[in-house]
Protein chains: 2
Amino acid sequence: MFENKDNATTPISALGEFGLIDHLTKHFKIQHTTTVKGIGDDAAVIAAEKNTQLVVTTDMLVEGVHFDLSYMPLKHLGYKAVMVNLSDVYAMNATAKQITVSVAISNRFPVEAMEELYAGIQTAAELYKIDVIGGDTTSSTSGLIISVTALGEAEAKKITYRSGAKENDLLVVTGDLGAAYLGLQVLEREKEVFKVNPNAQPDLEKYSYLVERQLKPEARRDIPGLLAELEVQPTAMIDISDGLSSEIIHICKSSMVGCNLYEDKIPLDPQVISTCEEFNMDSTTIALSGGEDYELLFTVATEDFPKIKGNPHLSVIGHITKENEGMHLITRANTKIELIARGWNALEDEADG
Amino acid sequence: MFENKDNATTPISALGEFGLIDHLTKHFKIQHTTTVKGIGDDAAVIAAEKNTQLVVTTDMLVEGVHFDLSYMPLKHLGYKAVMVNLSDVYAMNATAKQITVSVAISNRFPVEAMEELYAGIQTAAELYKIDVIGGDTTSSTSGLIISVTALGEAEAKKITYRSGAKENDLLVVTGDLGAAYLGLQVLEREKEVFKVNPNAQPDLEKYSYLVERQLKPEARRDIPGLLAELEVQPTAMIDISDGLSSEIIHICKSSMVGCNLYEDKIPLDPQVISTCEEFNMDSTTIALSGGEDYELLFTVATEDFPKIKGNPHLSVIGHITKENEGMHLITRANTKIELIARGWNALEDEADG
């Protein structure tokens, strides 16, 4: 659905900077009445709703570091750049409302490539009800860089920090983990095969979920609403961008608590399990350190357990302990291992080495 | 004042991504009570003052496009990256309160270089009373890229758009124009001299104002306050980043009006006049198309003229006409020339060619 079949190439210089911005953003519609002014002045203007606070987050994606255009279509990249930022807004238990998008591009990209990138941004904005209120388009001496800032809002009492987890709270995760990292492994492998034999037809059917989680991640926009509906106020929350163990450690350190995480409770998709077997990888390690899943990790008081129990979107994976008890993984064999933050970078180094 | 005499080089990998962010931002203090949460969670949290609206703007600076590290010290670059964004907030007649800063850097920069960059950001934040509330530090496959998003606020009725200029309004500019562009020319010339003779000692004394305007521009934080004090509500406002003519045209097109701009009223510093003579350049062309001055251009109703008359910060340079009368420059010789937007890019091409 996201491929560009068109081979037209218009140099960006044919439009100029202002012309290019106008061209790329003219289809963007303002959806929120609180967006007083979007693109087209020195700054955008937002009117906050009464009794709400504003959340602001920013993330930069760099070609060759965060993405590889040899298997990441530009439309997906635009979509993903938005998701990465919205995920941080939802992790505050807030509603995302606006984004700004800055792009630096080298002249090797024609206008049509920028159209693809912005089509992905627009798709994300429409599906997630986000106003694109500003940005910057500039040339780059080499690669493609996208910087997105996302704004959201929530009642002050609903905003959830990393620092509120309390002893005995339950550790809860949305969705399932590890698929995005495995999707990247599948794509990297296909790239190597393609280098050796450019006529090879990749068969990604059995990895479809993994590849989709890597190329077209979805932020958990539904979760703040679901929690409100269930009348659950999480005590702490974070999004899973770097891998489960790293995020748990962030919550524990910010909240000055410890935790026990149960290996057998970590939610895994069947494709993650089968692909880990095929690739001879340990699925728990992948879930702990894989990253880019953009699920949410949060803690809730034990008395909220009946409200979340059995919910198909939520898995209880552990509980919070006293700080001096440390942070541990309880394995299937019932041994206790200290949790360490390795993150996907470390995993990558190991996979390479 | 802004030089790094220290030759220490610590590779960024020695600190890691989180370590680097902590290290660079640990001295940043929160100055505004409305900044509920700064760096350290998934997103920053802001509580808007009552009856205010929020303004948001973003700009990206790219090495080799917007700056040249051979004469731009990193501390100045950090400072300038903040100014460029604050200028847009002030151009809305608003108070700047917060920024986020994202930086992509190649491994050729040691930690000490990043410290210089962040020292410039911190200096700007302290002087302009800005909270640095978030950001992202990532590696880059080549150059240095800085993306800043600035947030500000103002009462809704004070926020000034580009679109409010009315027939007979006066066209007013702050400070003086053209110096930043000439400063760039001086620095480019010195770079060429240095290439031929690395032992040559540059004598920039007579160009001190020009070079400072280029390397350490100041945004007009004072102007929204001054206008409030004078009880002047501008009808339209914009900041001068691309050159006076381009900005006047933005206001006229957004407001659907025309204008007459008087050549002899354009404020020029004596160094601009003398250096234009030395370089055999036309000072009016430089002021019209030079860019990067970060002064403010605004329109006021004629009845406000007594309030601004004789103010040393403000020059009345023309007036607004009906749209069908067009946009014109009235020269010293009293001829009428159509205003065209060329911007410093076009000027650059000409200077190169």
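## Charge over a ring

A charge counts as sitting over a ring if NZ of Lys or CZ of Arg is within 6 Å of the ring centre and within 35 degrees of the ring normal. This model is predicted. In chain A, the charged end of K216(A) sits over the ring of Y79(A). The distance to the ring centre is 4.6 Å.

Chain B has such a contact too: K216(B) lies over the face of Y79(B). Here the ring centre is 4.5 Å away.

## Aromatic pair in chain A

Across all chains, the whole structure holds 4 aromatic pairs. One of them joins Y207(A) and F279(A). Their ring centres are 6.4 Å apart. The planes meet at 75 degrees, so the pair is edge-to-face.

The partners come from distant parts of the chain, 72 residues apart. Y207(A) is in the loop between helix 4 (179-196) and helix 5 (208-215) of chain A. F279(A) belongs to helix 8 (residues 270-279) of chain A. Both Y207(A) and F279(A) are buried.

## Aromatic pair in chain B

Y207(B) and F279(B) also form an edge-to-face pair. The centres are 6.4 Å apart, with 75 degrees between the planes.

Y207(B) has a relative accessible area of 4%, so Y207(B) is buried. For F279(B) the value is 19%. Buried means under 20%, so F279(B) is buried as well.

Key:
Residues numbered from 1 in each chain as written. Chains lettered and ligands numbered in written order. Predicted model: local features only at pLDDT ≥ 70, side-chain atom pairs only at ≥ 80, totals over all residues. Heavy atoms only, no water. Phe/Tyr/Trp six-rings, centres within 6.5 Å; stacked < 30°, edge-to-face > 60°. Helix = DSSP H or I, 4+ residues; strand = E, 2+ residues; numbered from the N terminus. Buried < 20%, exposed > 50% of the residue type's maximum accessible area, 1.4 Å probe, protein only.
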